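Please have the viewer open as you read.

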Amino acid sequence: MTLLKGVPKSMIYRILRTGQVRVNGKRAKPDTRLAAGDMLRIPPVRVAEKAVQHGPAPGMVASVADAVIFEDKHFLAIDKPAGIASHGGSGVSHGAIELLRAARPAEHLELVHRLDRDTSGVLVFAKTRAGLVGLQAAIREGTVTKQYLCLMVGHPSKAKFDVNAPLLKSVLQGGERMVRVADNGKPSLTFFREMEQYPAARLMQATLGTGRTHQIRVHAAHVGHPLAGDPKYGDKEMNKKFKDLGLNRLFLHAAHMSFELDGRSYSFSAPMPDDLKEFLDVLAVKGKRIRRVQEYLQEKARTDPK
């Protein structure tokens, strides 16, 4: 990847898989490690010229610039809209950090943590080195409170429960990140608490005990109640039914984040977005239409070996 800059990962994996990359005359695998003196052969690769990079659209810049909910000399927090990545990369030209830098070219801004592209809510940036290092240290030490609102498919048997299951992250050949529960994964803990009841679903508050990639989504799926609208770990049939009622994205919102730094307490909150509130209103009113969905869930729970 270093030598073939700009070449898609899928193409690099393909030339490896077909034996075109060789080390000392032998086929190389993706995990082959080079040693001093090895002879590496890489086939000639032709790719289309990279399109001229244009700056972000003014509308996207404005959507992030107008989403600021807090600012002082150390931090800037926004209520990130769904559909905007935290940063560019993996096919995304401009994420929230690039858009903010475009809106504030004279300021120094650094991304402290991340939210998935389809997750809305509190996202914090550092304006100073002290703020960046201090908050990242607090996150590593587990002294930062992060709470999310999410819609779980089905009806969990308890209103309050914890999911303590180790998570292992992997990358598929196409570069897609996947996370699963595995004994050799990293310790991961999520606290779930019921907020409201809906037909075939429950609105839950999820508080992170740890901060792993896709943690809430995988833990929810692990206990048999995946998040509504989750295209990666969710229930495809249920997602279709919820989409018919107006849910067009993952139902996950970063509602609150708080921490203490240098004797000062910080607390940021973002209300549930209108698109999710409107969907809940529809779900509450038209719940009878998905009575079959509830029956489907009950039947699935009876037949699922878990």
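## A pair within one helix

Because lysine 240 and glutamate 237 are three residues apart in helix H6 (residues 236-244), about one helical turn separates them. Helices here are DSSP runs of H or I with at least four residues, strands are E runs of at least two, and both are numbered from the N terminus. Lysine 240 and glutamate 237 form a salt bridge, with the closest N and O atoms 4.0 Å apart; the term means a side-chain nitrogen of Lys or Arg within 4 Å of a carboxyl oxygen of Asp or Glu.

This is a predicted model, where local features need pLDDT of at least 70, side-chain atom pairs count only at pLDDT 80 or more, and totals for chains, interfaces and linings use all residues. Residues are numbered from 1 along each chain as its sequence is written, and side-chain values use heavy atoms, leaving out hydrogens and water.

## Links across the chain

The salt bridge count comes to 11. One of them joins lysine 127 to glutamate 71, with 2.8 Å between the closest N and O atoms. These partners are 56 residues apart, lysine 127 in the loop between strand E7 (120-126) and helix H4 (129-141) and glutamate 71 in strand E4 (residues 68-71).

Another salt bridge pairs aspartate 72 with arginine 264 (3.1 Å, N to O). Aspartate 72 sits in the loop between E4 and strand E5 (75-80) and arginine 264 in strand E15 (residues 264-269), so the pair ties together parts 192 residues apart in sequence.
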